[in-house]
Structure formats: structure tokens, C-alpha cells
Amino acid sequence: MTKQEQFQAALARAAADGCYIIGSGTVRAGEHAGRRCWSVSGKSGHPYLVVQVADRQLQCSCKSRVFCKHEALAFTRIQEESTAAVAKVEQDRRYFRDLQWSEMWAGR
Ligand SMILES: [Zn+2]
């Protein structure tokens, strides 16, 4: 399987098992403090798993040696957040580029 196929298979497993992103944040303390992280629901008996970004790679607390479904979900979320952030910056850039000084006091 190619890496792309492994990723798609992991996403399919996540969907089949009903896994979802519970939340996201930053590791607060310990040797991994400052890393971005996501909590992902797991199977029964595993309330949730934590996926962290370390050196541009994802690490999951499930310790899977293949691209796991939790990492696949986190990666999808990262892509969505990045796309939304870029769109917001572009929207702001256009708004402020077109803003005229005269408009700022138009109502006064
Ligand atoms: Zn995992």
C-alpha cells in the first residue's frame, strides 16, 4: 500500500468505527509542553487517544506503527483549520485593502 492508500484506509477505519475529534489544544506541561494536540474518540475501553504534532509528524498515544485512524482524523482537521485560516487572512486582507479613509467617517 502506498502512503496515500494507508491514509485513505485509516480514514475509512475512523468512519467505520465512528471515531471523531473530541477537542484540540496545546500540551500544557511535561516534556511535550507546547505541542499542538487533538483528542480523538477511541473504541470502548479506550475513552480517547491523543494525537500530537512533533517535528512536523503526528504521534498518537495508541502507539500504532502504521498510520492510525486517529492521526488520519487529526490530519484532516489540521487541513481544514489551515484552509479556514488562510481564507480568513485573505478576507481580512481584501477588506482592509479596499477600506477607504473617507468611509471610516462617512456617518459623521
Ligand atoms: Zn492512534
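I began with Phe 67, which I found in the loop between β4 and α2. The model is a predicted one.

Is Phe 67 buried or exposed? I counted 22 other C-beta atoms within 10 Å of Phe 67. The cut-off for buried is 20 or more, so Phe 67 is buried.

Next I listed what Phe 67 touches, leaving out residues up to four places away in sequence. The list is Gln 6, Phe 7, Ala 10 and Ala 72. I also checked Phe 67 against Arg 94, which is 27 residues apart from Phe 67 along the chain. Their C-alpha atoms are separated by 39 Å.

I then turned to the helices. The axes of α1 (residues 3-16) and α2 (residues 69-98) come within 8 Å, and I noted a crossing angle of roughly 100 degrees. Angles of 65 to 115 degrees count as roughly perpendicular, so α1 is roughly perpendicular to α2. On the α1 side, I recorded Phe 7, Ala 10, Leu 11, Arg 13 and Ala 14 in the contact. On the α2 side, I recorded Lys 69, Glu 71, Ala 72, Leu 73 and Thr 76. Sorted by class, this contact of α1 with α2 has 6 nonpolar, 1 polar and 3 charged residues.

Last, I looked at the strands. Strand β3 (residues 48-54) and strand β4 (residues 57-60) run antiparallel and are joined by 4 bridges. Ala 54 stands opposite Gln 57 in β4. I logged β3 and β4 as a hairpin with 2 residues between them. In the turn, Asp 55 has a positive phi of about 50 degrees.

Notes
Residues numbered from 1 in each chain as written. Predicted model: local features only at pLDDT ≥ 70, side-chain atom pairs only at ≥ 80, totals over all residues. Axes fitted to C-alpha atoms, helices over the stretch in contact; angles between N-to-C directions. Parallel < 35°, antiparallel > 145°, perpendicular 65-115°, else oblique. Contact = placed C-beta atoms within 7 Å. Nonpolar A, V, L, I, M, F, W, Y, C, P; charged D, E, K, R; others polar. Pairing = 2+ DSSP bridges. Buried ≥ 20, exposed ≤ 12 C-beta atoms within 10 Å, placed from the backbone.
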